[in-house]
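Hi,

Here is the structure I promised to pass on. Have a look at it first, and my notes on what I found follow below.

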Amino acid sequence: MTNKEKLHSGELYLPGDPEIMAEQLQRLERLREYNQTRPTEQEKRQALLKEMFAEIGEGCYLEPPFYSNWGGAFLHFGKNVYCNFGCTFVDDTHVYVGDDTLFGPHVVVATASHPLDPGLRRQGLQYNRPVRIGKNCWIGASVVINPGVTIGDNVVIGSGSVVTRDIPDNVLAYGNPCRVQRTLEPGEKPPHAAPAE
C-alpha cells in the first residue's frame, strides 16, 4: 500500500510523501484563490467550492479565510452549511457534514492524529480518522472536534468545547472535554427569546 492509499485506511503513513505533496499543494493553491476572492465575487466563490470539495450542496456559505489541509478534497457538505470566519478543517481524510449545520468562528475539525510513541512521531508518521457531523447542528465559536468523532443530528455544541467522544442526537453539549448536558426539546427557544404570541 502506498502512503497515498493509506490516507483513508487509518494506518500510519508519511504525509510528506512526494506523491501526496504534489496533489496537496495544487489543492492548496485553489484554496488560496478562494480566500482571496472579494465579498462581491459570490458566483466565483460558489464555482470554486464546487471544484474544491468532494461534495457540496446548494446554499453553502463559507466566510474567508477558510482553512483546509487538502483544500476541501475530502469534505462532504450537505445543503445550507455555514462556516463563519476562520474555520479550519484538517481534512486528511473524510469529513461529512449534514444539511443546515452552522459553524461559529474559529472552529477546528481535525481528522489527522499522530502516534503516542515519540520515535514514530520523529519519523513524521500520522494516521487519520473520519469525522461525521449530523444535520441541523450548531457548532459554537472556537470548538475543537477531534479525529474519529461522530456528532448526531440537531446537536448544539457550546463555544470553546473540545469534543473527544461521540455526541448523540438532539442534545446540548459543552465543556472540556465536551459532555452532554441535557436533551433538547423540539421547538425549544433560547432563554432570552420573546414569548410566542
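Let me start with Phe 103. Leaving out residues up to four places away in sequence, Phe 103 touches Val 81, Tyr 82, Cys 83, Asn 84, Cys 87, Phe 89, Val 97, Val 109, Ile 133 and Ile 139; contact here means heavy atoms within 4.5 Å.

Before going further, the ground rules: this is a predicted model, where local features need pLDDT of at least 70 and side-chain atom pairs count only at pLDDT 80 or more, while totals for chains, interfaces and linings use all residues. Residues are numbered from 1 along each chain as its sequence is written, and side-chain values use heavy atoms, with hydrogens and water left out.

Back to the core. Phe 103 is one of three residues, with Phe 77 and Ile 151, that touch the most other members of the largest nonpolar core, which has 36 residues. (A nonpolar core is a set of buried Ala, Val, Leu, Ile, Met, Phe, Trp, Tyr and Cys residues joined through side-chain atoms within 4.5 Å; buried means under 20% relative accessible area, exposed over 50%, and partly exposed in between, with a 1.4 Å probe and protein chains only.) The elements giving two or more residues to this core are H1, H2, E4, E7, strand E12 (131-133) and strand E18 (171-174). H2 gives the most, with three residues. Apart from this core lies another, of six residues, among them Tyr 13, Ile 20, Trp 70 and Phe 74. The helix and strand labels are DSSP runs numbered from the N terminus (helices are H or I with at least four residues, strands E with at least two).

Phe 77 also turns up in the sheet. Five strands form an open sheet in the order E1-E4-E7-E12-E15, with parallel pairing; two strands pair if DSSP finds at least two bridges between them. Strand E1 (55-56) and strand E15 (150-151) are at the edges with a single partner strand each, so one side of each has no neighbour in the sheet. Strand E4 (residues 75-77) and strand E7 (residues 95-97) run parallel and are joined by three bridges, and Phe 77 has Val 97 in E7 as its bridge partner.

Now helix H1. Which of its residues are buried? They are Ile 20, Gln 24, Leu 31 and Tyr 34. Seen down the axis of H1, its buried residues fall within an arc of 55 degrees, so they line one face of the helix (the arc is that of the directions from the helix axis to the C-beta atoms). Helix H2 (42-52), strand E2 (61-62) and strand E3 (67-68) are included in what covers them. The face of H1 turned away from that buried side carries the exposed residues Pro 18, Gln 26 and Glu 29.

Two loop residues are worth a click. Asn 84, between strand E5 (82-83) and strand E6 (88-90), is buried at 18% relative accessible area. Thr 111 sits in the loop between strand E9 (108-110) and strand E10 (112-113), and is buried at 0% relative accessibility. The Thr 111 side chain reaches the backbone oxygen of Val 90 at 2.7 Å and the backbone nitrogen of Asp 92 at 3.1 Å. Polar contacts like these are pairs of N or O atoms within 3.5 Å; within protein, one must be able to donate a hydrogen and the other to accept it, and residues adjacent in sequence count only if both atoms are side-chain atoms.

Cheers
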